[in-house]
Amino acid sequence: MTSALITSMLILFAISVPIAIAIGLASMVGLVGFTSLPLLVVPQQIFIALDKFPLAAIPFFILAGNLMEVGGLSRRLVEFARAFTGQLQGGLAITCVLTCMMFSAISGSSVATTFAVGAILIPAMRDYGYPIGFAAALMAVSAELGVILPPSIPMILYGVATQTSIPDLFLAGVLPGVLIAGSLMATIFIWCRIKGWGKRDGDGRLSRLDAIRRAVWSLVMPVLIMGGIYGGVTTPTEASVIAVVYALVVGLFLHREMTLKDVALAFRKSVVTSAVIMFIIGAASLMGYLLNRQGVPDAVALWLTSTFDGPTSLMLAINFMLFVVGMFIETGASIVVLAPILQDAALRVGIEPVHFGTVMVVNLALGMITPPLGVNLFAAAQIAGCSVTHMLRPLLVFLGVIIVCLMIITFVPQLSLFLPGTMAR
């Protein structure tokens with residue numbers, strides 16, 4: 001059954017069937033063709049997969065990000081970041097990375113970050129003389145921080161799929177996210193010096209005091225979310241609801257830039273995005289159920305640990321596999337299907353679950369900036385009005401930087417485990 005299920009799924013991918021539908025249809029092939037189980041198993045397993053309280057955080061964080069975009073909060077974050085970096089050559093490009101770091105502390109979604117921040121910064125970088133391909137590639141790569149820094153939707157999915165602490169996973173993503181952001185900013189600074197870009201980036205920026213005054217309500221939001229979670233006041237799901245209410249209050253009554261029509265559009269956009277993610281989770285969970293019945297997770301874990309007999313070789317093999325998988329399969333689906341299987345193999349060689357989850361999320365996030373899937377690439381290209389081919393040369397440089405960071409994250413587990421261990425004490 002396993003070979004038929006996987007083969008049918010790959011064929012459906014090859015003919016461009018949407019990911020959730022392809023996984024669901026492949027699962028139906030396995031269920032109907034190779035088991036005697038009733039079709040009632042399909043809605044039953046989908047319901048079981050979605051009937052988890054932590055998953056409610058996903059639509060709320062997506063909605064909070066969309067409300068920030070229409071309520072003027074994201075624009076103020078850009079102004080704030082630019083006030084502190086605009087004096088540097090390449091400061092506007094560095095602002096892109098900093099803003100994505102701040103925005104990701106609310107939305108948890110890289111695609112939402114691409115649209116919300118990219119709509120402001122890609123045209124700005126073009127107007128200040130940066131090549132449009134560079135601007136779009138930088139935006140796509142910087143938005144990847146949205147799934148590494150907390151609150152991260154893929155981290156939530158990993159925690160639910162493997163029964164790993166979601167607050168610990170959130171904390172584990174902080175230092176790796178800072179490492180990647182710092183490496184990108186250093187690369188930008190050197191690159192702009194070499195190319196002569198960004199010499200006028202300080203023109204028109206606000207004073208630091210004015211930028212802080214304008215952005216104060218935007219800056220409170222991530223503190224409110226993460227402070228509530230790690231102060232023991234709220235769960236991640238409850239924090240996501242608070243984020244939505246806060247974004248509504250600020251946009252409607254404090255900034256007064258949001259209309260009821262904007263609210264309706266933000267809700268509609270969030271419902272569509274959330275429904276796609278939930279559809280993928282349900283279909284992937286059905287596939288996971290069938291694979292578990294066949295003993296596939298145990299067999300894969302046994303093969304991996306017998307073929308790669310140490311943590312170093314095993315992690316290299318898993319990283320290579322995840323990189324290839326991420327190029328073709330959406331991050332959420334990959335996590336729901338593969339996380340329980342691969343974590344079992346990692347545990348057998350002594351790799352800590354929170355560290356492994358961080359490595360898996362960082363690796364699969366690369367799939368958002370690599371063709372043919374590359375959702376961030378296509379989102380940034382759409383905003384910039386350029387083709388993906390114009391983005392490839394700068395993209396390869398940024399991709400190389402992140403792969404180096406991934407290797408550091410993989411083989412220096414303290415980077416992921418330091419903050420969870422500190423909070424536990």
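## Helices and the second largest pocket

Helices here are DSSP runs of at least four residues, numbered from the N terminus. In this predicted model, the helices α1, α14, α15 (296-307), α16 and α17 each supply at least two residues of the lining of the second largest pocket, and the largest share, six residues, comes from α17.

The space in the second largest pocket comes to about 430 Å³. Its lining is made up of 20 residues, and those nearest the centre are Ile6, Met9, Ile329, Val337 and Leu338. Sorted by class, the lining of the second largest pocket holds 19 nonpolar residues and one polar residue, with no charged residues.

## The largest pocket

About 920 Å³ of space lies in the largest pocket, which is lined by 38 residues, with Val111, Val276, Ile280, Glu330 and Val375 the closest to its centre. The class count for the lining of the largest pocket is 25 nonpolar, eleven polar and two charged residues.

Several helices contribute to the lining of the largest pocket, with at least two residues each from α1 (2-14), α4 (57-70), α7 (110-127), α9 (153-162), α14, α16 (311-328) and α17 (331-348). Among the contributors, α14 gives the most to the lining of the largest pocket, namely six residues.

The structure holds eight salt bridges. In one of them, the side chains of Glu257 and Arg76 meet with an N to O distance of 2.8 Å. Because Glu257 lies in the loop between α13 (236-254) and α14 (260-293), whereas Arg76 lies in helix α5 (residues 73-85), this pair ties together parts that are 181 residues apart in sequence. Glu257 counts as partly exposed at 30% relative accessibility, while Arg76, at 8% relative accessibility, counts as buried.

Another salt bridge joins Glu79 to Arg214, with the closest N and O atoms 2.8 Å apart. Glu79 lies in helix α5 and Arg214 in helix α12 (residues 208-230), so that this pair ties together parts that are 135 residues apart in sequence. Both residues count as partly exposed, Glu79 with a relative accessible area of 21% and Arg214 at 32% relative accessibility.

## A salt bridge between neighbours, and a network

Asp127 forms a salt bridge with Arg126, and the closest N and O atoms of this pair are 3.6 Å apart. Asp127 is exposed, since its relative accessible area is 52%, and Arg126 counts as partly exposed at 43% relative accessibility. Elsewhere among the salt bridges, shared partners join Arg75, Arg76, Glu79, Arg214 and Glu257 into one network.

## Aromatic pairs and a cluster

The structure holds nine aromatic pairs. One of them is formed by Trp191 and Trp197, whose rings are tilted, with a distance of 6.1 Å centre to centre and an angle of 35 degrees between the planes. Trp191 and Trp197 are both buried.

Another aromatic pair, that of Trp303 and Phe308, is edge-to-face, with 6.1 Å centre to centre and 90 degrees between the planes. Phe308 is partly exposed, its relative accessible area being 22%. One aromatic cluster is formed by Tyr130, Phe134, Trp191, Trp197 and Phe398, which includes both partners of the tilted tryptophan pair.

Conventions. Residues numbered from 1 in each chain as written. Predicted model: local features only at pLDDT ≥ 70, side-chain atom pairs only at ≥ 80, totals over all residues. Heavy atoms only, no water. Salt bridge = Lys/Arg side-chain N within 4 Å of Asp/Glu carboxyl O. Buried < 20%, exposed > 50% of the residue type's maximum accessible area, 1.4 Å probe, protein only. Phe/Tyr/Trp six-rings, centres within 6.5 Å; stacked < 30°, edge-to-face > 60°. 1 Å grid on protein atoms, 1.4 Å probe; cavity = no way out; pocket = protein on both sides within 12 Å on 5 of 7 lines; lining within 4 Å. Points joined across faces, edges and corners; volume = space filled by probe spheres on them. Nonpolar A, V, L, I, M, F, W, Y, C, P; charged D, E, K, R; others polar.
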